[in-house]
Amino acid sequence: GGATGILKIVAGKVIQAAVQATDYIAALVDDTTPDLGGDLQVHQRRIIFERPSADDSYSGLSVTGTAGEALAWGNPIFFNSYDGRYWKADADTASTMPAIAIGLASVVAGNAGTFLTEGYMMDTTWNWTTATSVRSVYAADGASGVISQNAPQDTGDQIQPIGWIIDADTLYFKPDLTVVER
């Protein structure tokens with residue numbers, strides 16, 4: 001079924017090619033896992049991250065990598081260049097910073113996972129405080145893999161804003177790679 005065209009070659013050049021309507025998708029949005037086969041060139045356009053509307057959902061840029069330990073949704077994550085794996089960030093220790101991504105699902109140590117590097121996240125259990133002018137989110141001190149609206153307070157803690165609170169349930173994750181020691 002579907003429309004067809006005809007392959008017509010004149011002087012060694014294709015001037016008309018046969019195409020079945022079923023050989024392609026009608027709209028890019030119909031392909032949920034497009035394989036570009038090359039670079040994506042934006043050409044004076046933009047990439048839009050839509051705010052998620054469902055719990056435990058996200059929209060943005062992500063990477064795939066191997067977990068060095070059990071990771072979960074919302075864990076701030078650093079990349080260990082020595083073993084090539086992703087681990088929970090902890091503001092108590094400079095060696096576990098900076099956070100460069102955040103967990104999008106539970107991943108068992110040694111398995112591949114997907115980690116958000118920039119974009120929106122929605123989690124209805126967060127309940128961020130939005131009534132203040134402080135809307136930054138940090139990798140927390142005291143426990144690895146935790147995010148907090150409060151900057152780490154102890155001497156030697158690593159302070160790194162990793163996102164901004166949009167509303168009580170939504171975070172825009174975009175880590176500032178500048179880390180300051182308290």
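1. Contact here means heavy atoms within 4.5 Å. On that basis, residues 24 or more positions apart account for 55% of the contacts in the protein chain with a separation of 6 or more.

2. This is a predicted model, in which local features need pLDDT of at least 70 and side-chain atom pairs count only at pLDDT 80 or more, while totals for chains, interfaces and linings use all residues. Residues are numbered from 1 along each chain as its sequence is written, and side-chain values use heavy atoms, with hydrogens and water left out.

3. The protein chain contains zero helices and 13 strands (DSSP runs numbered from the N terminus, helices being H or I of at least four residues and strands E of at least two).

4. Of the 182 residues in the protein chain, 34% are buried (under 20% relative accessible area, with exposed over 50% and partly exposed in between, using a 1.4 Å probe and protein chains only). S136, in strand β8 (residues 136-139), is buried at a relative accessible area of 17%, and, leaving aside neighbours within four places in sequence, S136 is in contact with S148, Q149, G163, W164 and I165.

5. The count of salt bridges comes to two (a side-chain nitrogen of Lys or Arg within 4 Å of a carboxyl oxygen of Asp or Glu). D167 pairs with R51, the closest N and O atoms being 2.2 Å apart; this pair links strand β11 (residues 161-167) to the loop between β2 (13-16) and β3 (57-67), 116 residues apart. D167 is partly exposed at 24%, as is R51 at 43%.

6. E118 forms a salt bridge with K174, with 4.0 Å between the closest N and O atoms; E118 lies in strand β7 (residues 112-122) and K174 in the loop between β12 (170-173) and β13 (180-181), 56 residues apart. K174 is partly exposed, at 40% relative accessibility.
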